[in-house]
Amino acid sequence: MTDHPRITVLPGDGIGPEVTEAAVEVLSAVGTFDFDERPIGACAVSETGAPLPEATLNSCLEADATLLGAVGTGVPPADPHAPRPEQAVLELRTSLSLYANLRPVRTFPALHSTSPLRPERIEGTDLTVVRELTGGLYFGQRERTSQQAFDTCVYTRQEIERISRVAFELASGKGSRARVTSVDKANVLDTSRLWREVVQDIADREYPEVELEHLLVDTAAMRLVTDPRQFDIVLTENMFGDILSDETAVIAGSLGSLPSASLPAPPNPLVGVRGGLFEPVHGSAPDISGTGSASPIGSILSAALMLRHGLGLSTVANVVEIAVRDVLDKGFRTPDLGGTTTTKEFTRALLSEL
Ligand SMILES: NC(=O)C1=CN([C@@H]2O[C@H](COP(=O)(O)OP(=O)(O)OC[C@H]3O[C@@H](n4cnc5c(N)ncnc54)[C@H](O)[C@@H]3O)[C@@H](O)[C@H]2O)C=CC1
Ligand SMILES: CC(C)CC(=O)C(=O)O
Ligand SMILES: [Mg+2]
């Protein structure tokens, strides 16, 4: 055993292994780490019968940080009682207490003209979706019969308080731009009414210097694409955060470009938090899996978030993020961004910038 940071690597399914390989190459170029690769998702079901084998979970529990590709085949199992690959990610999030999911969205100047949105609307966008990750609909009681099914959404005051503090701490760190937009559906849902009350309470008592706005999720969905620059920190619950963060992909140019960090974090500081999980926002993309054309940007930027938030190596994280920008500036583009560069070519170009 060495003193190098231990990173568990979970490539998963579909394009997961392709993009994770790129991120591991980048990490290996900027530091020395002990990698431990383990199966997760559909490939783990084939190998062991379980989507999250015990040995995989134990490796994550012992690691300084975990890098995940993606899980899922895109096809629901024929037997509704069969283990689902996606269960692995949900189990991992609860087992590692990863309640704070950060999904930063920044535009790259080189991509402004290729965005489906008008360049003048997206230029300079710099927002972070702070998504509550271990509560709400994805974890409530559920049941299904042939005639009826239900899922329940539960949030406790304590769950809302701790994710609110993460959002307010991030906003405070931005100085004069300090602004949190809390997104809910308080005109309909009781969980959202509690959410709004608790977020407001934390703001009034602990962060009076941070500007807070409440927005209904339908309006937020519309404003995110019509005027993304009005957002700074977007604080929201589990399912709204899942949906809205995929929507922000059009600002960044592609779903393949977005990274995420999931932290078991005390609110401050958000650097060097041991035991986090870092994964691109996208899924296993079965439609392009095996073509060698997936964008590795989301995975590589997730590795950068790991360096910053998980391992306390912010300077190295900056180097990786700047290298991504430089490669795009030189014109390398995978097909999702309108080019013909392969995953491997993009990665090679990036490695030569480090
Ligand atoms: N954290 C995870 O492991 C997640 C897993 N999934 C799973 O992934 C499977 C596929 O789900 P979809 O709805 O198709 O979502 P998806 O995110 O896998 O793909 C949506 C679209 O974006 C494209 N795309 C995604 N990542 C890309 C990349 N790196 N480069 C270029 N294009 C990219 C795909 O080709 C596809 O057209 C499902 O089984 C789903 O449950 C979905 C989201 C998250
Ligand atoms: C469990 C995942 C498949 C849900 C998801 O889409 C996500 O967390 O982004
Ligand atoms: Mg999602």
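1. Let's start with strand β8, which spans residues 179-184. Strands here are DSSP runs of E with at least two residues, helices are runs of H or I with at least four, and both are numbered from the N terminus. Five of the six residues in β8 are buried, leaving the strand mostly covered. A residue is called buried if 20 or more other C-beta atoms lie within 10 Å of its own, exposed if 12 or fewer do, and partly exposed in between, with C-beta atoms placed from the backbone. The partner of β8 is strand β9 (residues 211-216), and the two pair in the parallel sense over six bridges. Strands pair if DSSP finds at least two bridges between them. To see one such bridge, look at Arg179, whose partner in β9 is Glu211.

2. Before going on, please keep in mind that this is a predicted model, in which local features need pLDDT of at least 70, side-chain atom pairs count only at pLDDT 80 or more, and totals for chains, interfaces and linings use all residues. Residues are numbered from 1 along each chain as its sequence is written, while chains are lettered from A and ligands numbered from 1 in the order in which they are written. The predictor's confidence in each residue, pLDDT, runs from 0 to 100. Its mean over the protein is 95, and 99% of the residues reach 70 or more. The model also scores ipTM 0.98 and pTM 0.96.

3. Next, find strand β5 (residues 126-132). Six of its seven residues are buried, so the rest of the structure largely encloses β5. Which way does strand β4 run relative to β5? β4 (residues 100-106) is antiparallel to β5, and seven bridges join them. Arg103, for example, has Val129 of β5 as its bridge partner. β5 also pairs with strand β10 (residues 233-236), here in the parallel sense over four bridges. In that pairing, Val130 stands opposite Leu235 of β10. As you look along these strands, remember that side chains in a regular strand alternate between the two faces of the sheet.

4. Now zoom out to the whole protein. Its secondary structure comes to 13 helices and twelve strands. A compact globule of 354 residues would have a radius of gyration near 20 Å, and the protein agrees because its own value is 20 Å. That radius is taken over C-alpha atoms, and the globule rule is 2.2 Å times the number of residues to the power 0.38. Along the principal axes, the C-alpha atoms fill a box of roughly 50 × 50 × 40 Å. Buried residues make up 49% of the 354. Of the contacts between residues at least 6 apart in sequence, 75% join residues at least 24 apart. A contact means two C-beta atoms, placed from the backbone, within 7 Å.

5. Ligand 1 has 24 residues around it, and Gly72, Gly256, His282, Gly283 and Ser295 come nearest. To be near a molecule or strand, a residue must have its C-beta atom, placed from the backbone, within 6 Å of it. The shell divides into ten nonpolar, ten polar and four charged residues. Here Ala, Val, Leu, Ile, Met, Phe, Trp, Tyr, Cys and Pro count as nonpolar, Asp, Glu, Lys and Arg as charged, and the others, Gly among them, as polar.

6. Which residues are around ligand 2? They are Glu86, Val89, Leu90, Asp242 and Val281. Helix α4 (residues 85-95) gives the most to this shell, with three residues. By type, the shell has three nonpolar, no polar and two charged residues.

7. Ser254 sits between α10 (249-252) and β11 (259-263), and counts as buried because 21 C-beta neighbours lie inside 10 Å. Beyond four places in sequence, its contacts are Ala249, Ser295, Asp336 and Leu337. Ser254 and Ser295 are 41 residues apart along the chain, yet 8.8 Å separates their C-alpha atoms. Leu52 lies in the loop between α2 (42-48) and α3 (54-62), and counts as buried with 26 such neighbours inside 10 Å.

8. Finally, check two backbone angles. Most residues other than glycine have a negative phi. Ser97, in the loop between α4 and β4, has a positive phi near 55°. Ala285 also has a positive phi, about 40°, and lies in the loop between β12 (276-280) and α11 (297-310). Is each buried or partly exposed? Ser97 is partly exposed because it has 14 C-beta neighbours inside 10 Å, whereas Ala285 is buried, with 24.
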